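Come along and follow each entry with the structure beside you.

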Amino acid sequence: MANFSVFDDRVPELITTNGNLSLATPYIEQQTLSDALKTQPALPIKTALKLGISLCECLEQLHQNNWIHKGITPNNILYSAKDGSASLADDLSVISAGQLGQLVAETSYCEESLAYQSPEQCGRVRLDIDRRSDLYALGCVLYRCIVGHSPFLVPSAQPVSTQNLIHSHLAEIPQTLESLSAECPRYVSQIVSILLHKETEKRYQTAQGLKHDLLIALQRLDSQDNSDFVLQRKDITDEIVLPSILLGRNEETQRLLTLYQHVCGGVLGVAYVTGLSGIGKSRLVQELEAPILLRQGLFTSGKYNQFSKHQPYATISQAIGKLIRFILTETEDRLQAWKQNI
Ligand SMILES: Nc1ncnc2c1ncn2[C@@H]1O[C@H](COP(=O)(O)OP(=O)(O)O)[C@@H](O)[C@H]1O
Ligand SMILES: [Mg+2]
């Protein structure tokens, strides 16, 4: 890397040497946040806020350049305990949701990576990964720094499996910071809770908006002012973001959910959804994903396609294939249980 002059930006540069392509980022002489957290499990709140502000600045720059980090964890944060400044490293490792299964065998994966991954990155929900996925991860990091553990990995509890951790990200509301730490003012706790929303629309939308609130929080802490203030005032984006929420299908959703509850009682059931193409059938069925996951159920889907009519059972095999690939990511004893049951 010494031969290259890397441009002074946080977005990697594409370089060609001897016909080989590579991406280069600046070399920064700092320790990782996870190393810093080895000596002190939690940071003082002001220090954590300063770290958050510094990370917001990094994210602002990345996001402005249409780059999503996708892997913000204490391992990828370079941190200087002296001034609380931080920078992001390893923004080249892009892992797709489909690759998650391959990492299940890695013991450190749950603790070091998955603990910081947004619901949409866990690959079980319909939401797309975007800049708000980075903001969720940042929320997990701040949580970790303030109370000493990430939102769903409580130290004294049983070791958590990949599946359980994914389930927590998708369906479980973490304990609030203020309920875990007496020193944590409500506004800090609320900021982190907003970052940890499952639905991207309900999170902070921009790093600038978050930074603005973190700066106010820091000022308030300095003046020992614990009173609330209006959050997300500057959290405005000039981009048009299509909402992922379902509109005007309450009755249909309710009917499907009632049927699902019925099936959970042990009876076999089938529901048919019909309608013209584009009317919203798939979108309606997707509404079942979260309630099913909440009950530790399994959701799978397949798509009928007018061009694969010649393949018998193509869609059923697609849906079952997805299910099997998922089951294969489970632990050895769960796999054995499946083998016995099938
Ligand atoms: N009730 C709804 N609220 C919000 N978006 C919807 C709704 N119904 C459909 N959409 C959107 O319209 C598009 C087409 O819907 P889709 O479910 O794919 O149709 P179908 O499966 O019936 O062909 C998708 O982008 C979907 O997200
Ligand atoms: Mg469809």
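Entry: I started with the hairpin of β1 and β2, where 2 residues sit between the strands and N18 takes a positive phi near 45°. Before going further, I noted for myself that this is a predicted model. I picked one pair to find by eye: I15 has S22 of β2 as its bridge partner.

Is β2 largely in the open or buried? I counted through residues 20–24, and the number buried among these 5 residues is 0, so β2 lies largely in the open.

**Entry: the whole chain.** I then stepped back for an overview. The chain has 13 helices and 5 strands. Of its 342 residues, 26% count as buried.

Entry: I went looking for the open sheet and found 3 strands in the order β3-β4-β5, with antiparallel pairing. Which strands are at the edges? They are β3 (31–32) and β5 (86–88), each of which pairs on one side only.

A reminder to myself: strands of a sheet pair through backbone hydrogen bonds, either parallel or antiparallel. Here β4, residues 77–79, is joined to β5 by 3 bridges, and the two run antiparallel. The pair I marked is L78 with its partner S87 in β5. A helix turned up here too: α2 lies across β4 and β5, at about 40° to β5.

**Entry: α2 beside α4.** Two packed helices are described by the angle between their axes and the distance between the axes. For α2 (residues 45–64) and α4 (residues 131–147), the axes come within 10 Å and cross at roughly 165°. Angles over 145 degrees count as roughly antiparallel, and α2 and α4 are therefore roughly antiparallel to each other. The crossing of α2 past α4 is right-handed.

I listed who makes this contact. From α2 come I45, A48, L51, G52, L55, L59 and H63, and from α4 come R131, D134, L138, L142, C145 and I146. Sorted by kind, the residues of this contact are 9 nonpolar, 2 polar and 2 charged.

**Entry: α2 beside α8.** The next partner of α2 that I looked up was α8, residues 207–222. Their axes are 9 Å apart, and the packing angle is about 160°. That angle makes α2 roughly antiparallel to α8. The handedness here is left-handed as α2 passes α8.

The α2 side of this contact includes I45, K46, L49 and K50, and the α8 side includes A207, Q208, L210 and K211. The residues of the contact divide into 12 nonpolar, 3 polar and 5 charged.

**Entry: a closer look at I146.** I came back to I146, whose place is in helix α4. Buried or exposed? I counted 24 other C-beta atoms within 10 Å of I146; a residue is buried if 20 or more lie within that distance, so I146 is buried.

Which residues does I146 touch, leaving aside those up to four places away in sequence? My list reads A42, I45, A48, L177, S181 and C184. I checked A42 in particular: A42 and I146 are 104 residues apart along the chain, and their C-alpha atoms are separated by 5.5 Å.

Entry: I finished in the loops. Q224 is not a glycine, although its phi is positive at about 50°. Q224 lies in the loop between α8 and α9 (250–264). With 7 other C-beta atoms within 10 Å, Q224 is exposed.

Y313 was my last stop, with a positive phi near 55° in a residue other than glycine. I placed Y313 in the loop between α11 (289–294) and α12 (314–327). There are 10 other C-beta atoms within 10 Å of Y313, so Y313 is exposed.

Conventions. Residues numbered from 1 in each chain as written. Chains lettered and ligands numbered in written order. Predicted model: local features only at pLDDT ≥ 70, side-chain atom pairs only at ≥ 80, totals over all residues. Buried ≥ 20, exposed ≤ 12 C-beta atoms within 10 Å, placed from the backbone. Helix = DSSP H or I, 4+ residues; strand = E, 2+ residues; numbered from the N terminus. Pairing = 2+ DSSP bridges. Axes fitted to C-alpha atoms, helices over the stretch in contact; angles between N-to-C directions. Parallel < 35°, antiparallel > 145°, perpendicular 65-115°, else oblique. Left-handed = near helix turned anticlockwise from the far one by under 90°. Contact = placed C-beta atoms within 7 Å. Nonpolar A, V, L, I, M, F, W, Y, C, P; charged D, E, K, R; others polar.
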